[in-house]
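Reader: Please take me through the helix packing and the aromatic rings of this model.

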Amino acid sequence: MKNKIFETDNSLAPLFLRIGLGLVVFAHGAQKLFGWFNGYGFTGTMKFFTESEGLPWVLGFLIIILESIGALALVAGFATRFLAASLGLLALGIILTTRIEFGFFMNWFNNQAGEGYEFFIFWIAMAFSLLITGGGKYAADKLLIKSKLN
């Protein structure tokens with residue numbers, strides 16, 4: 001079972017997918033965890049999640065960890081399928097809870113009340129591609145398989 005979860009091939013395509021998705025998600029996670037890039041940091045984000053959005057504390061915490069530490073682990077190719085599935089479901093949750101009311105398009109020209117969900121369609125497509133393919137070339141998952149076989 002573990003081999004099925006961690007196995008992957010030497011394709012470069014998943015490498016580029018996981019680096020691209022991981023870095024973009026990490027930037028959002030760094031806003032939430034550290035307050036980088038004009039973010040609110042851990043305390044401010046947790047306050048927003050629990051008070052404004054009504055999320056349970058543990059769910060807010062898991063989102064912050066997934067978008068920060070999980071995104072870096074994805075870049076490294078560690079637990080690629082698990083993280084990709086988690087990030088894909090997170091993006092779907094974001095669409096359904098906070099973006100769907102604003103329609104498809106992002107708010108490039110500041111002419112709608114909020115951001116649409118087009119960005120998250122890419123996020124989901126990348127995540128589910130990684131769920132199918134695994135981490136590809138240079139993925140840490142390969143080291144886990146090798147250590148289990150030896």
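Reader: At roughly what angle do the axes of helix 5 and helix 6 cross?
Author: This is a predicted model. Helix 5 spans residues 80–99 and helix 6 spans residues 118–133. Their axes come within 8 Å and cross at roughly 155°.

Reader: Are helix 5 and helix 6 roughly parallel or antiparallel?
Author: The crossing is at roughly 155°. Angles over 145 degrees count as roughly antiparallel. Helix 5 and helix 6 are therefore roughly antiparallel.

Reader: Is the crossing of helix 5 and helix 6 left-handed or right-handed?
Author: The two axes come within 8 Å. The crossing of helix 5 and helix 6 is left-handed.

Reader: How many nonpolar residues has the contact of helix 5 with helix 6?
Author: In helix 5, the contact residues include Leu87, Ala91 and Ile95. Helix 6 contributes residues including Phe120, Trp123 and Leu131. By class, the contact has 3 polar residues, 2 charged residues and 17 nonpolar residues.

Reader: Is the pair of Phe119 and Phe120 stacked or edge-to-face?
Author: The ring centres lie 5.0 Å apart, and the planes stand at 80°. Planes over 60 degrees apart count as edge-to-face. So the pair of Phe119 and Phe120 is edge-to-face.

Reader: Is Phe120 buried or exposed?
Author: Phe119 has a relative accessible area of 26%, so Phe119 is partly exposed. Phe120 has a relative accessible area of 6%. Buried means under 20%. Therefore Phe120 is buried.

Reader: Which residues form one aromatic cluster with Phe26?
Author: The structure holds 11 aromatic pairs. Phe26 forms one aromatic cluster with Phe34, Trp36 and Phe37.

Terms used. Residues numbered from 1 in each chain as written. Predicted model: local features only at pLDDT ≥ 70, side-chain atom pairs only at ≥ 80, totals over all residues. Heavy atoms only, no water. Axes fitted to C-alpha atoms, helices over the stretch in contact; angles between N-to-C directions. Helix = DSSP H or I, 4+ residues; strand = E, 2+ residues; numbered from the N terminus. Parallel < 35°, antiparallel > 145°, perpendicular 65-115°, else oblique. Left-handed = near helix turned anticlockwise from the far one by under 90°. Contact = heavy atoms within 4.5 Å. Nonpolar A, V, L, I, M, F, W, Y, C, P; charged D, E, K, R; others polar. Phe/Tyr/Trp six-rings, centres within 6.5 Å; stacked < 30°, edge-to-face > 60°. Buried < 20%, exposed > 50% of the residue type's maximum accessible area, 1.4 Å probe, protein only.
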